[in-house]
Amino acid sequence: MSSNYETIKWEVKDELGYLTINRPDKLNALNPQVLMDIKDLVLHQVKGSDEVKVIIITGEGNKAFIAGADIEVMLNMSSKEGLAFSDLGHQVMSLLETIGQTVIAAINGFALGGGCELAMSCDLIYASDKSKFGQPEVGLGVIPGFGGTQRLARLVGPAKAKELIYTGKMISAQEAKDIGLVCEIFPADQLMTNVEKIAREIMSKGYISVTQAKRVINKGIDLSLDAALELEKQGFAVLFDTDDQKEGMKAFVEKRKADFKNR
């Protein structure tokens, strides 16, 4: 299954979705059309779909995942237009963060500004050894506007986030891994093969339970520990009403591979 969009490519193979930002001449920079295309795709083809279990997001070409938001588009924006652009970006990042499917960013080059922000809205980030990360917005007279000030601080801690945002410096894939932004680094020519392998491993587990784990982790992180633990208990308990829980535990006892039906 594939779809036609102006700025993105979408293809599904055996329940694995591939979303490619397709503006290589602009280093896949995010403009309003890219964001609207992603939003439309998620709302109308991905959210609630049983045909897609995991999504891999990457950038077209071998130079950039997403090199940032399109500066030529932002150059003459008014405050009102800037707010609308930021709001659209926040809508897209929130959609990626909250859909049931696992979303994996496969960083194949520059992940700067809005590109780093989009990656941080994904569940997992894997990078090629040639990748670079950064939030360079202060050098342009603005700040991260698609969630970077908040998600980066939550992922790497406030002090490191402030250092990266205040200086606008670009860091290597290895440093991004060292601070907890990236899960793992692979040689550039092996990135997609390894990410696909991880995606298939996730897909071999109970989809309902993975989705529930995502919901509990994302919601619990902003709650008090007591409230988050209560959320976990409820999420754990509700899974005992699913066929997949019965199948998963029965398969374990019988020493065979579980045949999950996602119900």
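A contact here means heavy atoms within 4.5 Å. With that in hand, welcome to this protein chain: among its contacts between residues at least 6 apart in sequence, 68% join residues at least 24 apart.

The model is a predicted one, in which local features need pLDDT of at least 70 and side-chain atom pairs count only at pLDDT 80 or more, while totals for chains, interfaces and linings use all residues. Residues are numbered from 1 along each chain as its sequence is written, and side-chain values use heavy atoms, leaving out hydrogens and water.

**The whole chain**

You will find 11 helices and 11 strands in the protein chain; these are DSSP runs numbered from the N terminus, with helices being H or I of at least four residues and strands being E of at least two. The radius of gyration is 19 Å, close to the 18 Å of the globule rule for 263 residues, so the chain is as compact as a globular protein of that length. That radius is taken over C-alpha atoms, and the rule is 2.2 Å times the number of residues to the power 0.38. Along its principal axes, the C-alpha trace spans about 60 × 45 × 35 Å.

**Inside the chain**

Of the 263 residues, 45% count as buried, where buried means under 20% relative accessible area, exposed over 50%, and partly exposed in between (1.4 Å probe, protein chains only). A nonpolar core is a set of buried Ala, Val, Leu, Ile, Met, Phe, Trp, Tyr and Cys residues joined through side-chain atoms within 4.5 Å. The largest such core has 51 residues, of which F133 and L181 touch the most other members. Apart from it lies another core of 13 residues, including V54 and I104.

D244 sits in helix α11, which covers residues 243–253, and it counts as buried at 6% relative accessibility. Leaving aside residues up to four places away in sequence, D244 touches G206, Y207, I208, F260, K261, N262 and R263.

Most residues other than glycine have a negative phi.
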